[in-house]
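This report concerns a single protein chain. Please consult the sequence and the three-dimensional view while reading.

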Amino acid sequence: MALLILGVALWWAAHFFKRIAPGIREPMGDKGKGPVALALALSVVLMIFGYRMADGAFFWGRSPATVGIMNLLVLAAIYLMSPAAKKGKLLAGMRHPMLTGFALWALAHLLVNGDVPSFVLFGGLALWALAEIVVINRAEPNWTPRTPGPIAKDGIFMAASLVLLVVIGYVHGLLGYPAFG
């Protein structure tokens, strides 16, 4: 469990580094992107190994209904994290579609994984995404929605999101985590 907690904490720290320690981050300029990317990669590795090794109390699990709802939420999350927000019409007025999609993805996983390691991993990542939205909004309160693009782009990105959901679900199944009923 310690590796998992360390991974989630490192994820938070790497993402908030420029806001927590601007005096250290700003002088680094573009050279600072490498260490941050390395910290993020390390955090993902720690979260993967930590999650696979962790055990804890189990409160709920999968059911056909929750698996279906989870897949719909993950589809929406993939769409929110797609380029649709920058090129389509539907998300043009949304300020943080990627962070919202990330939080939705994490919450969808909590729906079918009701154990303590999942609370730490997915709960910690959902809280990070929501905290990131609050921090960005406070640091940059002025925001103007972009000009909407064509609705056809939204259709393309939704179709691509559906294909990506199937691919991700297939890979999950290969890893022993069946994503579909």
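The sections below go from the whole chain to its annotated spans and then to its surface.

## Overall architecture

The structure is a predicted model. Its protein chain contains eight helices and two strands. In sequence order, these elements are arranged as α-α-α-β-α-α-α-β-α-α. Along the principal axes, the C-alpha atoms occupy a box of roughly 45 × 45 × 25 Å.

Of the 181 residues in the protein chain, 36% are buried. Among contacts with a separation of 6 or more, 79% are between residues 24 or more positions apart.

## Domains

The domain assignment divides the protein chain into domain 1, covering 1-54, and domain 2, covering 57-180. Between the C-alpha centres of domain 1 and domain 2 the distance is 21 Å. To the contact, domain 1 contributes 13 residues and domain 2 contributes 20 residues.

## Annotated transmembrane regions

The unreviewed UniProt entry also gives "transmembrane region" for residues 34-51, 63-82, 94-112, 119-136 and 156-180. Residues 156-180 are 76% helix and 0% strand, and here the end C-alpha atoms lie 23 Å apart.

## Surface and a nonpolar patch

The protein chain has an accessible surface of about 10500 Å². Carbon and sulfur atoms hold 74% of that surface.

Which residues make the nonpolar surface patch of about 850 Å²? The contributors are Val163, Leu164, Val167, Ile168, Tyr170, Val171, Leu174, Leu175 and Tyr177. One of them, Tyr170, is located in helix H8, which comprises residues 151-174. Is Tyr170 buried or exposed? Tyr170 is classed as exposed because its relative accessible area is 55%, and the cut-off for that class is over 50%.

How values were computed. Residues are numbered from 1 along each chain as its sequence is written. This is a predicted model: local features need pLDDT of at least 70, side-chain atom pairs count only at pLDDT 80 or more; totals for chains, interfaces and linings use all residues. Side-chain values use heavy atoms; hydrogens and water are left out. UniProt positions are given in the numbering used here, feature names are shortened, and annotations may be inferred rather than shown by experiment. Helices (H or I, at least four residues) and strands (E, at least two) are DSSP runs, numbered from the N terminus. Patches are made of residues with over 30% relative accessible area and no salt bridge: like charges are joined within 9 Å, nonpolar side chains (Val, Leu, Ile, Met, Phe, Trp, Tyr) within 5 Å. Accessible areas come from the Shrake-Rupley method with a 1.4 Å probe; for residues, only the protein chains shown count as cover. A salt bridge is a side-chain nitrogen of Lys or Arg within 4 Å of a carboxyl oxygen of Asp or Glu. Buried means under 20% relative accessible area, exposed over 50%, partly exposed in between (1.4 Å probe, protein chains only). Domain bounds come from an automatic or database domain assignment. Contact means heavy atoms within 4.5 Å.
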